[in-house]
Amino acid sequence: MKKVLLYYPKICGVEDNRDLYVGIPLSVMTLAAQFDSKKYELKIIDGRITENIEDDIVEWIDNELLMVGISAITSYQIKDGIFFAEFIRNYSTNTKLVWGGWHPSLMPYETIVHPMVDIVIKGQGERAIVELADAISLNKEISHIPNLVIKESNGDVYETPTRFYADLNHYKSIVNSFSYVDVNRYIYKIWGNQRVIGYESSRGCPWHCRYCSISSVYNRKWNAMLPPKMIADIDYLYKEYSIDAIHFFDNNFFVDAVRVKHFCNLLIENKINVKWDGTCNVIQFLGFTDEYMKLLKRSGFYRVIIGIESGDEEVLNKIGKLHTNDQVLEVVKKCKRYNIQASFSFMVGFPWNPEQDFLNTINIINKIKVIDNSVEIMFFIFTPYCGTNMYQTALEYGMRFPQSLEEWSSYTYDKANTPWLTEKLRRKIKRYVSFFDTDEMSDKLGLFTNNRNE
Ligand code: B12
């Protein structure tokens with residue numbers, strides 16, 4: 001039987017001193033779920049948790065191994081993915097090295113030129129990866145498969161036509177890939193719950209925050225699973241894995257209120273006793289009526305995650321955030337009224353007037369804390385990412401970005417060293433990062449944690 005191997009690389013290198021959240025690797029799992037297990041032997045390796053990767057797969061690699069799919073966000077994942085690709089190449093010269101995920105999608109040409117990359121799949125991979133495997137296994141042409149960037153044996157690179165993304169409802173459920181991993185490994189005791197797992201029910205985002213990568217890849221489109229499909233998966237997780245809470249990784253869970261209400265009603269009707277949280281924005285949340293809030297609460301909604309980003313209204317305007325500081329304080333009061341845990345993230349150190357945005361942001365956080373001291377605060381230094389609108393602005397303000405795939409692998413949010421921050425201000429901000437205990441807080445928020453259920 002033909003084989004496909006999917007690799008989810010380590011997100012942090014040895015130089016990082018904290019344990020990053022080891023959430024369920026949704027990207028490679030949703031890809032694996034699309035393959036017909038009667039036709040392909042699939043393997044998923046999660047580089048973050050596998051001790052002796054080589055021992056694990058050396059025996060398994062043979063001529064049947066058609067391709068290795070490697071997933072990467074802009075981070076150390078790239079470097080670890082390259083190590084893994086080199087390891088595979090040593091054992092098999094025919095296996096195609098296929099890269100996908102956020103970084104290759106945003107920078108396909110910079111990615112493809114690397115010797116450890118044969119093909120890049122841009123954007124959503126579910127359809128393309130199966131079509132590619134089918135074509136390679138039958139020795140067929142691949143140039144008709146959309147959304148690929150291909151390197152030929154002579155080094156020439158070409159791109160195949162673009163296909164817009166399919167509806168998430170057409171994909172097979174992620175549950176199909178549960179047999180390839182130890183799902184219990186990704187269940188956490190966190191946020192007051194005993195058994196929490198991550199899940200994704202929608203993709204894209206209609207807003208256009210200028211620092212965010214989502215709109216570049218999804219072109220401000222948004223697509224979502226219908227509630228019955230979500231409920232089937234969640235019911236399975238509830239019954240088979242005794243999950244007591246779902247953490248939605250959706251960019252914005254609340255885009256379609258009709259869908260959310262249907263979802264809440266199905267949870268209640270089916271007596272699925274799980275709590276759930278999700279990402280929203282200030283303006284949306286303030287628009288939720290009393291009736292809607294009560295339904296959300298009854299269905300188990302307990303925590304809202306909102307990117308407030310700045311307390312400087314000029315910055316908010318420049319980065320495409322449409323809310324005001326007063327509205328943020330209204331959200332805090334609303335959460336307190338309905339007993340919803342608020343989790344807010346902030347970035348300081350934008351290029352325009354970093355001293356001022358820092359002070360204004362500290363100021364709004366103080367006001368938030370006076371209203372409700374239990375609001376979770378995550379506090380970061382702004383880092384411009386490739387493929388975002390802020391990338392261009394950052395260039396104009398003197399930022400030098402990495403020039404190769406390898407260089408991008410050392411570009412992380414805490415080491416990017418934006419030139420418009422003086423050392424003095426950077427030190428001051430870092431003191432606040434530890435004052436707000438973003439690292440420790442992130443433990444609670446699930447960003448950096450090893451607080452896993454045993
Ligand atoms: C979960 C998550 C994390 C987790 C890690 C993942 C995990 N499982 O534990 C944690 C919390 C650790 C994390 C950290 C960070 N994250 Co994050 N994270 C996410 C989030 C919310 C969900 C990812 C996910 O699982 N999506 C669901 C899966 C199914 O979708 P997907 O990953 O996009 O996969 C699809 C395609 O990309 C493609 N694909 C993916 N891999 C592959 C591989 C192959 C071979 C193929 C063919 C296709 C393919 O096919 C998949 C199915 O269609 C995304 C936003 C989002 N909604 O995607 C941000 C996101 C990936 N994160 C981002 C960022 C910036 C960060 C941080 C820097 C944030 C910060 N300030 O702390 C840090 C980085 C840490 C570091 N060391 O550098 C950016 C990445 C931008 C970029 N250029 O790469 C995103 C897109 C958010 C954003 N708004 O911009 N993150």
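Leaving aside its neighbours within four places in sequence, with which residues is Tyr8 in contact? In the structure, which is a predicted model, Tyr8 is in contact with Pro25, Ser27, Val28, Asp46, Gly47 and Ser71 once those sequence neighbours are set aside, two residues being in contact if their C-beta atoms, placed from the backbone, lie within 7 Å. Tyr8 has its place in strand E1 (residues 2-8), where helices (H or I, at least four residues) and strands (E, at least two) are DSSP runs, numbered from the N terminus. With 29 other C-beta atoms within 10 Å, Tyr8 is buried; a residue is buried if 20 or more other C-beta atoms lie within 10 Å of its own, exposed if 12 or fewer, and partly exposed in between, with C-beta atoms placed from the backbone. The C-alpha atom of Tyr8 is separated by 17 Å from that of Lys122, and these residues are 114 apart along the chain.

Residues are numbered from 1 along each chain as its sequence is written. As the model is predicted, local features need pLDDT of at least 70 and side-chain atom pairs count only at pLDDT 80 or more, whereas totals for chains, interfaces and linings use all residues.

The chain holds 18 helices and 16 strands. Its radius of gyration, taken over C-alpha atoms, is 22 Å, close to the 22 Å that the globule rule gives for 454 residues, so the chain is as compact as a globular protein of that length; the globule rule is 2.2 Å times the number of residues to the power 0.38. Taken along the principal axes, the box filled by the C-alpha atoms is roughly 65 × 55 × 40 Å. Of the 454 residues, 42% count as buried, and among contacts between residues at least 6 apart in sequence, 75% join residues at least 24 apart.

An assignment of domains, which is automatic or from a database, divides the chain into domain 1 (2-159) and domain 2 (187-382 + 418-445). The centres of the two domains, taken over C-alpha atoms, are separated by 30 Å, and eight residues of domain 1 are in contact with eight residues of domain 2. To the side of domain 1 that touches domain 2, helix H4 gives the most, with three residues. By class, this side of domain 1 has four nonpolar, three polar and one charged residues, where Ala, Val, Leu, Ile, Met, Phe, Trp, Tyr, Cys and Pro count as nonpolar, Asp, Glu, Lys and Arg as charged, and the others, Gly among them, as polar.

Around the ligand there are 42 residues, of which Gly23, Gly69, Ser71, Gly100 and Gly125 come nearest; a residue is near a molecule or strand if its C-beta atom, placed from the backbone, lies within 6 Å of it. This shell has 25 nonpolar, 15 polar and two charged residues, and it draws at least three residues from each of domain 1 and domain 2. At least two residues of the shell are supplied by each of helix H1 (26-32), strand E3 (65-71), strand E4 (96-100), helix H4 (102-106) and helix H6 (126-137), and H1 gives the most, with four residues.

Strands E3 and E4 run parallel and are joined by five bridges, two strands being paired if DSSP finds at least two bridges between them. Ser71 stands opposite Gly100 in E4, and both of these residues are among those that come nearest to the ligand. In a regular strand the side chains alternate between the two faces of the sheet. Both faces of E4 are covered, with Lys96, Val98 and Gly100 buried on one side and Leu97 and Trp99 buried on the other.

Strand E14 (residues 301-309) pairs with E15 in the parallel sense over six bridges, and Ser343 in E15 is the bridge partner of Ile305. E15 is also joined by six bridges to strand E16 (residues 376-381), again in parallel, with Ser345 standing opposite Met378 in E16.

Tyr411 lies in the loop between helix H16 (405-409) and helix H17 (423-435) and is buried, with 20 other C-beta atoms within 10 Å. Apart from neighbours within four places in sequence, Tyr411 is in contact with Thr74, Pro402 and Ala416. The C-alpha atoms of Tyr411 and Trp102 are separated by 14 Å, although the two residues are 309 apart along the chain.
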